[in-house]
Amino acid sequence: MQPVRIALAQVAPRLGDLEANLARHAELIAEARSSDASLVVFPELGLTGYLLQDLAAEVAMRLDDPRLASLAAGTRGLSAVVSFVEESADHRLFIAAALLEDGELRHVHRKIHLPTYGMFDERRFFAPGDLLRATPSRLGVGIGLAVCEDFWHLSTPQVLALDGAQLLINVSSSPGRDLARTHEVGLGTATSWRTLMRTYAQLTTSFVVFCNRVGVDESLSFWGGSEVIGPTGAAIFGAPLFEEGLFCVDIDLADVRRERIALPLLRDERPELVAREWRRLIAERAGLADDSTAGDGAEAGFDVGPARDGRPAPARDVARR
């Protein structure tokens, strides 16, 4: 395999200004091509800005929107990952990431995990996606797309890798939080993301590409720090914090083959066992099956039974069942 040059477009999109952001994306795609990049990756909601709230419907695009087609037309001989608000035929709004290749829209991922904790309120404005699929690419390897919070759930990279992805791409709008001297770079958010990226790369023996935005949306400041991690878990490149730019890095896709042969973690996964246990857990949580870890006398769907002398009932002896 030939080396692949990845361009990380660590941009600061203008909130709610779809036309200006489309023009900026087109410029950076052209710049990436002039830098001999094979793939350019933009951050979460790079076409709209993040803190949209009630503006989301105004900047939403359907997948057949001519503006999206025009942007895709600029990717002949190139792959690009862009993120925007997608409006479905039944008028639901999704945070979407799309793979554009050779002038066409090839694959769309709808963000499946929408945070509603701390400063986040995404579920109020957006619907969650229901599909998680890897996709073939012109690069000769499978690509797995994820959006920000999706990677805070370990099933996401595992499913994508088992589905054929060798290049895991996470596009993000991560605001800076938890400033403290105890952290490696003085920013707890960055430390947490770096830990996740290295762990997922090593456990899935895949390349991990993380593209995070910079700039400010009202009260939120975004820290950048985009990264590329190799299939051994070692960092290959890290972009600076808070600095806008197009950053290029070369990777050798043959590293995936070498690592997966030497460390066959994916080969040894047991998806059939996991699927069986998930079916059990889903049934137990829904009260459709006896809960093997619930207390004696607990009703279906509950963890503990009626109180005895003010104390919860003891857990059942699973071995007796």
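These legends describe close-up views of one predicted model. Local features need pLDDT of at least 70, side-chain atom pairs count only at pLDDT 80 or more, and totals for chains, interfaces and linings use all residues. Residues are numbered from 1 along each chain as its sequence is written, and side-chain values use heavy atoms, leaving out hydrogens and water.

**View 1. An open sheet has 6 strands.** The order is E5-E4-E3-E2-E1-E14, with mixed pairing. Strands (E, at least two residues) and helices (H or I, at least four) are DSSP runs, numbered from the N terminus. Two strands pair if DSSP finds at least two bridges between them. Strand E5 (104-110) and strand E14 (245-251) stand at the edges. Each has a single partner strand, so one side of each is left without a neighbour in the sheet.

**View 2. Strands E2 and E3 run parallel.** E2 covers residues 39-41 and E3 covers residues 79-87. They are joined by 3 bridges. Valine 41 stands opposite valine 81 in E3.

**View 3. Helix H1 (residues 18-34) lies across strand E1 (4-10), E2, E3 and E14.** H1 runs at about 35° to E14. Axes are lines fitted to C-alpha atoms, for helices over the stretch in contact, and angles run from 0 to 180 degrees between N-to-C directions. Contact means heavy atoms within 4.5 Å.

**View 4. Threonine 205 lies in the loop between helix H5 (188-204) and strand E9 (207-212).** Threonine 205 is buried, with a relative accessible area of 0%. Buried means under 20% relative accessible area (1.4 Å probe, protein chains only). Leaving aside neighbours within four places in sequence, threonine 205 is in contact with residues including Tyr200, Pro231 and Leu266.

Terms used: Buried means under 20% relative accessible area, exposed over 50%, partly exposed in between (1.4 Å probe, protein chains only).
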